[in-house]
Amino acid sequence: MKYGYFDLENKEYVITKPDTPASWVNYLGSPEYGAIISNNAAGYSFVKSGANGRITRFRFNSMMALPGRYIYIRDNETCDYWSASWQPVGKPLDKYKSECRHGTAYTVISSEYEKIAAETTYYVPQGKTYEVWRTKITNNDTKSRKLSVFGFTEFTNEDNYEQDQVNLQYSLFISQTKFEENRIIQTISENSKKDRTDRFFGMVGAEVTAACGNFDNFIGSYRTYSNPVAVENGRLDNSMNYNSNSCGALQSDITLEAGQTTELIYILGRRKSEEAAVILNEYKEQGKVDREVEELKNYWHSTLDRFQVNTPSEEFNNMINVWNAFQCFITFIWSRAASFVYCGLRNGYGYRDTVQDIQGIIHLDPEMAAEKIRFMLSAQVDNGGGLPLVKFTHNAGHENTPDDPEYVKETGHPSYRADDALWLFPTIVKYLGESGNKAFLDEVIVYANGGEATVYEHLKNAIRFSMERLGAHSMPAGLHADWNDCLRLGAKGESTFVAFQLYYAMSVIKEMAILKGDGDYISYIDKVQGELSAALDKCWDEDRFIRGIREDGVIVGAKNDSEANMWLNPQSWSVISRFASDKQAEKALDSVHEILNTPYGAKLLDPPYKKHYFDGALMHIFNDDTKENGGIFSQSQGWIILAEALAGHGNRAFEYFMESSPAAMNDKAEIRVIEPYAHGQFTESKASPFEGRSHVHWLTGTASTVMVGCVEGICGMRPDLEGLVIAPSIPSEWDGFTIEKNFRGKQLSIDIQNPNHVQSGVSEITLNGEKLEDNYVPAEKLADVNKITVIMG
């Protein structure tokens, strides 16, 4: 079933049926002020932290998806009432018309009921730390209508989410509300000079007829958000909260003549009353909201326009040009901090998560990426490992580490991860390629626990971390875990996934050492990479690479194992790392396609653990074909797309894209359930009665890995320090496609033609009319505006 469509021209997803199988959301704001909003206006807001800066309440793990940013409308002649979004009142859809347009950091919800139309625009202004709801109410009737409009939000009673929800004997008695002029002011711990917090919910555009700051008085006894007593009665009682639950509710009584429109602007934020008054006064200026929304659009659209494709696939165009790209920025900004699944309690950035997330935006904003790379390098410990959790309050040079009991107690992370610092290598390679900034390697950056070194030395130190922690078979030890947190091979167990990462990292650092003239280190890398290669050779098992070797010497992922005998990531990374021979790569990728592929993507492993698991196979606790236990783990789809593309298999690379792409499920949304425009964490596979259902929306590393798989793999954009390799790997049925790319401040218009309908290979490239020797475009030859023609064959 289809609930909406992609509007590529306006970079929006338009929801035409509000009864979506789950809440389909959008992200508003910045790290300073965040807001999540659904297609029915549900969601919550926070300042800096979803855990410690929560402003409004939300009920997680519920299809009810309550509460939110609600505007109620009441006809004072008929006493009928409804909401400007379909929910929470939920009028019959044969009478209530609704449309939601999720855009780039703004959402517009339109509705019409009983000839009264409403259009509400929700956004956080660029660079501001408050949110705006602008509603336009129009009388489409032939007669005048007398209405009451109620804006409503439910405040938390404490900035800390857990304290607000659980510690009620405390949090109920620190909050109170007041009404001043055109705004509700909530104060928390009002008597405290240190801990006092002020929030406001105000309105301009009409007179505030009445107000309510007491949640119980607004909703009433034994009622819900769908039938609040205050709206039903048509009157707020001006009661305020003292020692109970707070809300902000503002009523305006208006009369609209036939065809007349009125505009009300509600503003929510964390400010003292005097500051709130200044902000509200600014929005009395005509046209301010329209200018701010246009500013948001211009910012995001100009950013996304730095890489645009036009292919025969609408799904590919919509994801790469808009939604996958926008999601990459959201994960880059919010990490795993707040969604309708993540409650905001994570108190920092996961090292691997964040370094991976950076990769997804490098082709669009390399310098924004560079700032986060510097931050993550400052979270590397002087032993070469990464801090498993980098606190939001990270104090580079002065942090404790997993070697310190204080860090373990504060973060709950008792050990280093085997792979964390190794993710720096592909990320920094991508940045160097997009920017051409060779000097970056010489920048000096502090270590998390003190001391400093150049970026180049940081990377050498990451190699040293792995080399000092090898297992009995000369491969990196699994330590606490690698990428798969549910696989514990033992402190001395060995992970082939990490071994392939290390092999890749050695190739990268060798190129950097050549650039630096570091002869002794080149000799060292040649030696240890040869030893690692010999160890990995022994991990080949007929048509696949094993997953690892446990601390007790037992192989995980051997072909003859009764369960979990085939794993996805070692096969992908054997190709990505360039370790696998051509013959091995073909066999491994064929095995993935034959054993792991499904209509919804490739499974993480098969068969799932059920009876023959070991203590370190923690994924056995999950149901079969769910999450790490044989589910279709979405992040890994990006790696198999990239691996197939690198192998020249354009048909399969695109097949995996389509199987796992949210956009490809737009007309089967009832199966997918979560948004058809944003990646999730995983999809249930064949053993589930709900095969194809996806979970854990938006905040997932899938966004970056799929983006890399598509941009570098399928589109074939592979920059290095000196220029750009163009090596597309596409479906053979495509006649070609075009790319508009901003590369180091220069515009590239790339026309890729496929007259012979091949999957990969380039027979000819011309740059501004000049035929090049191969498929490499030197940066020094680029003009400010460039036309590149690529003939595949």
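Me: How far apart are the centres of domain 1 and domain 4?
Reply: Domain bounds here come from an automatic or database domain assignment. That assignment puts domain 1 at 4–302 and domain 4 at 722–792. Taken over C-alpha atoms, their centres are separated by 49 Å.

Me: What are the ground rules for this model?
Reply: The model is predicted: local features need pLDDT of at least 70, side-chain atom pairs count only at pLDDT 80 or more, and totals for chains, interfaces and linings use all residues. Residues are numbered from 1 along each chain as its sequence is written, and side-chain values use heavy atoms, without hydrogens and water.

Me: What radius of gyration does the chain have?
Reply: The radius is taken over C-alpha atoms, and the globule rule is 2.2 Å times the number of residues to the power 0.38. For 793 residues, a compact globule would come near 28 Å. The chain agrees, with 28 Å.

Me: Is Ser189 buried or exposed?
Reply: Ser189 sits in the loop between strand 14 (183–188) and strand 15 (197–204); strands are DSSP runs (E, at least two residues), numbered from the N terminus. Its phi is positive, about 50°, although it is not a glycine. Buried means under 20% relative accessible area, exposed over 50%, partly exposed in between (1.4 Å probe, protein chains only). Ser189 has 19% relative accessibility, so it counts as buried.

Me: Which residue does a cis peptide bond join to Gln87?
Reply: Most peptide bonds are trans. Here omega is about 20°. The partner of Gln87 in this cis bond is Pro88.

Terms used
Helix = DSSP H or I, 4+ residues; strand = E, 2+ residues; numbered from the N terminus.
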